[in-house]
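User: Please take me through this protein model in questions and answers, giving the cut-offs behind each term as it comes up.

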Amino acid sequence: MPPLIQLSDAAIDALIHEPKNTPGSLSPLRLIERNKHRRRDYLVSSASGNEFVIAVRQAVPNPFNFSVILMYRVPGYNTLFRLCRYNGRHGGHTNEIEGTEIGDECHIHTATERYQKLGGKEEGFAVETTRYSDLNGALRCLLEDCGFTPPPPDPQFHLFTGTTQ
């Protein structure tokens, strides 16, 4: 059965690339540990009024098992639509439609119309990547890829590095 909310590929692409402000609370990451996972959600707004959530998850026993997820809060519903997910190494993944396998490598999931129509996870399609190898790298890539503006410079940055920005 297809999900209640379905977005076209064009709508997904527009939401992913819509300009968004980077939450200042993202740096440094302050994850909360619970049930052998570290996690935190960061609320994000855009100039258009759309609301998003960046969800950061990391397994405590294996720090290479992580996810950084960009979700869209669907207006009028209590639903978060997963636009994309930047995963670490957590075992294999198979793209159901294409039949392609991804080994124990970092990979990026993206929502598609095709996978929504299957009735599974909207972001069921994934591709391997070598652009990052850890949680901070995955977060950096998500911010670069998904329309986030750079955070404002930290006026106290020089206190910790001995340099100015």
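Analyst: Contact here means heavy atoms within 4.5 Å. This is a predicted model, in which local features need pLDDT of at least 70 and side-chain atom pairs count only at pLDDT 80 or more, while totals for chains, interfaces and linings use all residues. Residues are numbered from 1 along each chain as its sequence is written, and side-chain values use heavy atoms, with hydrogens and water left out.

User: Which residues does F81 touch, not counting those up to four places away in sequence?

Analyst: Residues up to four places away in sequence are set aside for this list. The residues that F81 touches are then I5, L7, I12, L70, M71, Y72, V74, A111, Q116 and E122.

User: How many helices and strands are there in the protein?

Analyst: Both are DSSP runs numbered from the N terminus, a helix being H or I over at least four residues and a strand being E over at least two. Counted in this way, the protein has four helices and eleven strands.

User: What percentage of the residues of the protein count as buried?

Analyst: Buried means under 20% relative accessible area, exposed means over 50%, and partly exposed lies in between, with a 1.4 Å probe and protein chains only. Of the 165 residues of the protein, the share that counts as buried is 39%.

User: Which backbone nitrogen does the side chain of N95 reach?

Analyst: N95 sits in the loop between β7 (93-94) and β8 (101-102), and N95 counts as buried because its relative accessible area is 2%. Leaving aside neighbours within four places in sequence, N95 is in contact with T100, Y115, G124, F125 and A126. At 2.8 Å, the side chain of N95 reaches the backbone nitrogen of A126.

User: How far apart in space are T79 and I5, C-alpha to C-alpha?

Analyst: T79 is found in the loop between β5 and β6 and is partly exposed, with a relative accessible area of 27%. Not counting residues up to four places away in sequence, T79 touches I5, Y72, R73 and V74. Although T79 and I5 are 74 residues apart in sequence, their C-alpha separation is 8.4 Å.

User: What distance separates the C-alpha atoms of R140 and V68?

Analyst: R140 is found in helix α3, where R140 is partly exposed because its relative accessible area is 39%. R140 and V68 are 72 residues apart along the chain, and their C-alpha atoms are separated by 9.7 Å.

User: Is K36 buried or exposed?

Analyst: K36 lies in the loop between β2 and β3, and phi of K36 is near 65 degrees, a positive value in a residue other than glycine. N35 is also placed in the loop between β2 (32-34) and β3, with phi near 50 degrees, and N35 is exposed at a relative accessible area of 70%. Because the relative accessibility of K36 is 61%, K36 counts as exposed.

Key. A polar contact is a pair of N or O atoms within 3.5 Å; within protein, one must be able to donate a hydrogen and the other to accept it, and residues adjacent in sequence count only if both atoms are side-chain atoms.
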